[in-house]
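User: I am new to this structure. Please walk me through it in short questions and answers.

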Amino acid sequence: MTVGVLALQGAFVEHESMLEKLGADYFEIRQKKDLERPFDGLILPGGESTVMGKLLYELEMFESIQKKIRSGLPVFGTCAGLILLAKEVENNPSYFGTMSIRVKRNAYGRQLGSFCTEQEFKGIGRIPMSFIRAPYIENVYDDTEILAQADGKIVAARQGNQLVTAFHPEVTDCLEVHTYFLNMIAENR
């Protein structure tokens with residue numbers, strides 16, 4: 001099993017560290033030719049969704065990644081990655097638009113509004129959640145399943161082979177969310 005990690009901007013190194021701890025093979029996706037390598041899952045890290053979206057178009061990677069996701073490639077988006085996957089983004093255009101969720105960007109305010117909590121994650125149990133200028137999911141529809149909430153806001157969801165979190169599991173010591181994603185990939189193979 002090999003995971004491609006989008007490495008244009010954001011917290012991709014932290015995701016790679018989690019994958020290493022779990023013994024999963026991975027490589028960085030930095031340019032169009034990297035998408036020619038075979039991979040079984042994709043991580044879209046946290047960072048700046050606007051910057052990532054712009055780079056995906058400039059580097060001519062957007063359509064290829066969108067096609068892979070629509071074809072069923074398992075994908076895990078955290079924070080900005082969640083925004084990239086959403087069909088609806090409040091007051092902003094959507095990007096890949098593959099997941100039936102409506103998202104509110106920077107919902108918890110600026111950097112000073114960042115916080116940590118511990119909440120229940122369906123199928124895992126209580127886990128630490130680190131929110132950094134995080135969005136939250138305002139609404140899910142179609143067959144999207146809510147996996148976690150914090151303060152009454154939806155902060156994790158799954159639709160088919162797409163997993164999203166508004167928080168950053170890669171900056172904690174908790175490997176459970178990445179294990180959940182690797183299990184999704186294994187189920188898909």
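Analyst: Start with a term: buried means under 20% relative accessible area, exposed over 50%, and partly exposed in between (1.4 Å probe, protein chains only). This is a predicted model, in which local features need pLDDT of at least 70, side-chain atom pairs count only at pLDDT 80 or more, and totals for chains, interfaces and linings use all residues. Residues are numbered from 1 along each chain as its sequence is written, and side-chain values use heavy atoms, without hydrogens and water.

User: What share of the 189 residues in the protein is buried?

Analyst: The cut-off is under 20% relative accessible area. By that cut-off, the buried share of the 189 residues is 52%.

User: How many helices and strands does the protein have, and what is its radius of gyration?

Analyst: Helices (H or I, at least four residues) and strands (E, at least two) are DSSP runs, numbered from the N terminus. The protein has 5 helices and 12 strands.

User: What percentage of the contacts with a separation of 6 or more joins residues 24 or more positions apart?

Analyst: Contact means heavy atoms within 4.5 Å. Among contacts in the protein with a separation of 6 or more, the share from residues 24 or more positions apart is 64%.

User: Where does His168 lie, is it buried or exposed, and which residues is it in contact with?

Analyst: His168 sits in the loop between β12 (162–165) and α5 (176–188). It is buried, because its relative accessible area is 5%. Leaving aside neighbours within four places in sequence, its contacts are Gly46, Cys79, Ser130 and Ile132.

User: Which residues lie nearest the centre of the largest pocket?

Analyst: On a 1 Å grid over the protein atoms alone, a pocket is an open set of points where a 1.4 Å probe fits, with protein on both sides within 12 Å along at least five of seven lines; lining residues have an atom within 4 Å of a point. The largest pocket is lined by 17 residues. Nearest its centre are Gly47, Glu48, Cys79, Ile132 and Arg133.

User: How is Arg133 classed by its relative accessibility?

Analyst: Arg133 is in the loop between β8 (125–131) and β9 (136–140). Its phi is positive, about 45°, although it is not a glycine. With a relative accessibility of 28%, Arg133 counts as partly exposed.

User: Is Asp142 buried or exposed?

Analyst: Asp142 lies in the loop between β9 and β10 (145–150). Its phi is near 60°, a positive value in a residue other than glycine. The relative accessible area of Asp142 is 59%, so it is exposed.

User: Which residues is Gln66 in contact with?

Analyst: Gln66 belongs to helix α3 (residues 62–70). It is buried, because its relative accessible area is 14%. Beyond its neighbours within four places in sequence, Gln66 is in contact with Tyr95, Phe96 and Thr98.

User: What distance separates the C-alpha atoms of Lys33 and Val75?

Analyst: Lys33 lies in the loop between β2 (25–29) and β3 (41–44). It is exposed, with a relative accessible area of 54%. Lys33 and Val75 are 42 residues apart along the chain, and their C-alpha atoms are separated by 19 Å.
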